[in-house]
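Please open the model in a viewer and keep the selection panel at hand. The stops below are given in the order in which they may be selected.

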Amino acid sequence: MTVLRTSGDGAGKRAEQFRDYKAEQRACVKEFYRLNHTRQTLDFVVGKKRQYLTLDRRRMGVWEALEFLNTLVDDSDPDIELSQLDHNLQTAEAIREAGHPRWFVLTGLIHDLGKVLWLYGEPQWAVVGDTFPVGCAYSDRIVFQEFFAENPDSRNPLYQTECGVYERGCGLDKVHFSWGHDEYLYHVVKDYLPEEALYMIRYHSAYPIHRERAYEHLMDEHDREMFRWVRAFNPFDLYSKSDERPDAAALRPFYEDLIAEYFPAELRW
Ligand SMILES: [Fe+2]
């Protein structure tokens, strides 16, 4: 498939210039969200979970997965032109420099590994981009909200009430989100990391919730508590991006040790 490249002036940006869709108006980002918002239906999400959450595709160690990913350039990200490995190492290094615990550093390193979905042949609109609940009304705080008009779920009145198929306050674990790398990786690593890390991984693309504070009516108290960690993670995901390349070979021994501290030699993907 054609990989549309994203723009490459992440270095030296002010915070408000990151993720500035209005200023960028870049056609590939817009087209990406048109496809994503048109095709991510509740049925689609449930089907993808059935397809992938058996975790019987392959067995692969964490560093191997990092290298496997390294050809992907993310259509949905307007900020950067670095490889996935560079981004993952930059994120982890920024967390390490801030003095956070080792599990937090490891979470920075691995948070995007679910993007291997792309290498299984999934289109990018089913791998990356901001995630949002499906099966209930679309918040107007989702980017390019206008594209939901073409989603078949828009014409199902059951899915278009405030809570849709869910109960008020049911907790996000019961809510289906648009399918992508966050949910997939959460299932791959959920037996091995602290819960705070799992929330970061599962919801780091849920910008409508962690940034825009939409969908609070579906959250429970525990979600609210744990989203403090999702929000603590976000600046490292976002603002650690620069065009300066980390030295992967030099950093590898430190990260191999950290990976071995939490994970077995191979994970089920
Ligand atoms: Fe991500």
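The model is predicted, so local features need pLDDT of at least 70 and side-chain atom pairs count only at pLDDT 80 or more, while totals for chains, interfaces and linings use all residues. Residues are numbered from 1 along each chain as its sequence is written, and side-chain values use heavy atoms, with hydrogens and water left out.

**Whole chain**

Begin with a cartoon view. The protein chain has twelve helices and two strands; helices (H or I, at least four residues) and strands (E, at least two) are DSSP runs numbered from the N terminus. Of the 269 residues in the protein chain, 56% are buried.

**The iron ion**

Select the iron ion next. Its protein donors are Asp112 (OD), His181 (NE2) and His204 (NE2), at 1.9 to 2.2 Å. Donors here are N, O and S atoms within 2.8 Å of the metal (3.2 Å for Na, K and Ca); water is not among the atoms, so sites may look incomplete. The spacing of the donor residues in sequence is D-x68-H-x22-H. His181 lies in helix α8 (residues 181-189) and His204 in the loop between α9 (195-203) and α10 (207-210), so the pair links distant parts of the chain, 23 residues apart. Both His181 and His204 are buried.

**Helix α3**

Select residues 42-52, which form helix α3; Leu42, Phe44, Val45, Lys48, Lys49 and Tyr52 are buried there. Viewed down the axis of α3, these buried residues fall within an arc of 160°, so they line one face of the helix. The arc is that of the directions from the helix axis to the C-beta atoms. Asp43 and Arg50, on the other side of α3, are exposed. The cover over the buried residues of α3 includes α2 (27-39), α7 and α8.

**Asp153**

A polar atom of the Asp153 side chain lies 2.8 Å from the backbone nitrogen of Leu42. A salt bridge is a side-chain nitrogen of Lys or Arg within 4 Å of a carboxyl oxygen of Asp or Glu.

**Salt bridges**

The structure holds 16 salt bridges. Select Glu261 and Arg102, whose closest N and O atoms are 2.7 Å apart in a salt bridge. Glu261 belongs to helix α12 (residues 248-262) and Arg102 to helix α6 (residues 102-110), so the pair ties together parts that are 159 residues apart in sequence.

Finish with Glu221 and Arg224, whose side chains meet in a salt bridge (3.2 Å, N to O). They are three residues apart in helix α11 (residues 221-239), and therefore separated by about one helical turn. Glu221 counts as exposed because its relative accessibility is 57%, whereas Arg224 is partly exposed, with a relative accessible area of 31%. Elsewhere, salt bridges that share partners join Lys49, Asp173, Glu183 and Arg202 into one network.

How values were computed: Buried < 20%, exposed > 50% of the residue type's maximum accessible area, 1.4 Å probe, protein only. Polar contact = N/O pair within 3.5 Å; in protein donor to acceptor, adjacent residues only side chain to side chain. Contact = heavy atoms within 4.5 Å.
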